[in-house]
Amino acid sequence: MSPGDATVAHAVGSALVRCGIDTVFGVAGSGNFVVTNAMVAAGARYVAARHEGGAATMADAYSRISRSVAVLSVHQGPGLTNALTGITEAAKSRTPMVVVTAEATSRRSNFFVDQAALAEAVGAVPMRVTSPEDAVGQAAVAVATARDERRVVVLNLPLDVQAREARTAEPPALPARDAGGADPAEVQRLADALRAARRPVFVAGRGARGPGSRAALEELADRCGALLATSAVAKGLFRGSPWDLDVSGGFATPLAAELISGADLIVGWGCALNMWTMRHGRLIADDAVVLQVDVDPAALGAQRDLTFGVVGDVRAVARAATTVLTQEETGYRTPEVRRAISERGRWRDEPFEGTREVGRIDPRTLTIALDDLLPADRLVAVDSGNFMGYPSMFLDVPDEDGFCFTQAFQAVGLGLATAIGAALARPDRLSVAALGDGGALMGASELETVVRLGLPMVVVVYDDAAYGAEVHHFGPDGHPLDTVRFPETDFAAIARGHGFEALAVRAVGQLEGVAAWLAGSRSAPLLVDAKVTRGEPAWWLEEAFRGH
Ligand SMILES: Cc1ncc(C[n+]2csc(CCOP(=O)(O)OP(=O)(O)O)c2C)c(N)n1
Ligand SMILES: [Mg+2]
């Protein structure tokens, strides 16, 4: 017995683990110490982050790649407010996550803030443990809500309730929600539309990342002759298919953009078809039929006007539609299209002229060289900024678990924590964090975490010594740019100080250091401070600013 074992805090912690939680991310303070230790005692793995913002995004990324409910544990008040950006990203992305947070009992406490209102404000579901009698059941409901409704639940643990004597109880068995089989009439309508289409394109999103969805979508696409694309969050889903167009939207290759805009029918599968994925609608032909399939009725048409929507789970609806379409159609799958995809399906196939600047490397040249060097079995996490398209477009990934894109809130600074959480979910893969210099410094508190956890990770900083996004957006109009430009930062020295191996890269030849690290023991992580050219804005940036 440890002190605190008889308390409500302990009972809640062990109940969460009995409900299936295996990993907890957090920063331990007095208010969440007992509940966190109870989770560890019950068998959960605890990952200590150095900032709650890092912990929140690690939990989010871990959940996305492991497809399990993650737990974030934070101290009352500032522990929760520090985590809010990451919680908002997770809530917007429908990540199943439980935030276990202590809660100040008295308004006189410095730590007091209206935590339920904070949760509500960022799209999370506030819950509270209210008594020893109900504590275990309330913990179980929090996990079930996160899991079945794909929500972020903020489970408040008031300090006075935490300290009370627990009533022992097993968490109630909560039935899992129905997997979302669709109305047969809606499936028929979908099948009819697919049969009538001459040039159908499927765009799969986050809701298509579940087990079995790829196979179900490919089978249906075979029946109607559809080409296959994804939104950025599902990048890699159709890797290996000859009909894979890769990502639709700002990161789409010229060929993918041309083929998607030539479609006469587009189906968003677990995909909102939002302004990013559809380039503000420009990728949709005026007379194209636009359909959407989603488990959540409220998601249908929320981002885009539809011809019609179908409520249901992606895999279930795709399978049901496949049974209706008995005959295979050529659809969009002509020999010319297949050849074009094989010849021009990747960004690397597009010729470009690198920008030149003394002592600096073009970001495309850099990324293509890294793509050649890094093992194919990789997991790429990307931060936000002008640079972000280069790793997203030029680093190939093996499947949908090879890419973790925490960009629903478009926050700078989440990239490193994303790579850490994803790496813990897939330790068999090389995790690659692609960051701007701004995002790297914003998330730098977790550099120590990478080293402490012994993660053999590669961190690439696209270092232009600036908030490049702002420089390129405002610079051409003659605005003063002193607020968004910075002196050179020696990221290699910062990283070495944490225990990384590190090198600065100004030319392709200097990437030999990366090859040497890959061939070595990888006992310390590697940071590459790539001093990138600053002359040109990235071509997706204009798109980004249109979305404000
Ligand atoms: C948390 C947060 N703060 C500010 C912004 C606005 N913003 C968007 S991109 C950017 C610059 C990021 O700089 P860096 O990481 O160096 O990438 P770069 O644009 O230079 O490639 C900023 C400040 C944001 N999106 N999120
Ligand atoms: Mg920068």
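Q: What makes a run of residues a helix, and where is the place of Thr322?
A: A helix is a DSSP run of H or I with at least four residues, and helices are numbered from the N terminus. In this predicted model, Thr322 has its place in helix α11, which covers residues 314–324.

Q: Why is Thr322 called buried?
A: The term buried requires under 20% relative accessible area. Thr322 has a value of 5%, and it is therefore buried. Leaving aside residues up to four places away in sequence, Thr322 touches Ala216, Glu219, Leu220 and Arg223.

Q: How many helices and strands does the protein have?
A: The secondary structure amounts to 21 helices and 18 strands.

Q: Why is the protein said to be as compact as a globular protein of that length?
A: The globule rule gives 24 Å for 548 residues, and the radius of gyration is 24 Å, close to that value; the protein is therefore as compact as a globular protein of that length. Along the principal axes, the C-alpha atoms fill a box of roughly 70 × 65 × 45 Å.

Q: What share of the residues counts as buried, and what share of the contacts joins residues 24 or more positions apart?
A: Of the 548 residues, 57% count as buried. Among contacts with a separation of 6 or more, 77% are between residues 24 or more positions apart.

Q: What makes a set of residues a nonpolar core, and which residues have the most contacts inside the largest one?
A: The members must be buried residues of the Ala, Val, Leu, Ile, Met, Phe, Trp, Tyr or Cys type, joined through side-chain atoms within 4.5 Å. The largest such core has 54 residues, and those with the most contacts inside it are Leu72, Ile87, Val99, Leu416, Met457 and Val459. Helix α15 (residues 415–425) gives the most to this core, with eight residues. Apart from it lies another core, of 39 residues, which includes Ala232, Phe251, Tyr462 and Leu503.

Q: Which residues does Val99 touch, not counting those up to four places away in sequence?
A: The partners of Val99 on that count are Leu72, Val74, Leu80, Ile87, Val152, Val153, Val154 and Leu155.

Q: Why is helix α1 described as largely enclosed by the rest of the structure?
A: Ten of the eleven residues of α1 (residues 8–18) are buried, and the helix is therefore largely enclosed by the rest of the structure. Among the buried residues are Val8, Ala11, Leu16 and Val17. Their cover includes α2 (33–41), β4, α6 (135–149), β6 (152–158) and α7 (159–163). Just after α1, Gly20 takes a positive phi of about 110 degrees.

Q: What makes Val528 count as buried?
A: The cut-off is under 20% relative accessible area. At 0%, Val528 falls under it and so counts as buried. Val528 lies in strand β18 (residues 526–531). Beyond residues up to four places away in sequence, Val528 touches Val458, Val459, Val460, Val461, Leu503, Val505, Leu511 and Val514. Val528 and Val514 are 14 residues apart in sequence, with their C-alpha atoms 8.0 Å apart in space.

Q: Why is Phe111 called partly exposed?
A: Buried means under 20% and exposed over 50%, with partly exposed in between. Phe111 has a relative accessible area of 33%, so it is partly exposed. Phe111 is found in the loop between β4 (97–103) and α5 (115–121). Not counting residues up to four places away in sequence, Phe111 touches His75, Gln76, Gly77, Pro78 and Ala104. The C-alpha atoms of Phe111 and His75 are separated by 9.1 Å, although the two residues are 36 residues apart along the chain.

Q: Which phi does Arg94 have, and why is Arg94 called partly exposed?
A: Arg94 is not a glycine, yet has a positive phi of about 55 degrees. Its relative accessible area is 30%, so Arg94 is partly exposed. Arg94 is found in the loop between α4 (78–92) and β4.

Q: Why is Asp246 called buried, and where is its place?
A: With a relative accessible area of 15%, Asp246 is under the 20% cut-off and is therefore buried. Its place is in strand β9 (residues 244–247). Asp246 has a positive phi of about 65 degrees although it is not a glycine.

Notes: Residues numbered from 1 in each chain as written. Chains lettered and ligands numbered in written order. Predicted model: local features only at pLDDT ≥ 70, side-chain atom pairs only at ≥ 80, totals over all residues. Heavy atoms only, no water. Buried < 20%, exposed > 50% of the residue type's maximum accessible area, 1.4 Å probe, protein only. Helix = DSSP H or I, 4+ residues; strand = E, 2+ residues; numbered from the N terminus. Contact = heavy atoms within 4.5 Å. Rg over C-alpha atoms; globule rule 2.2 N^0.38 Å.
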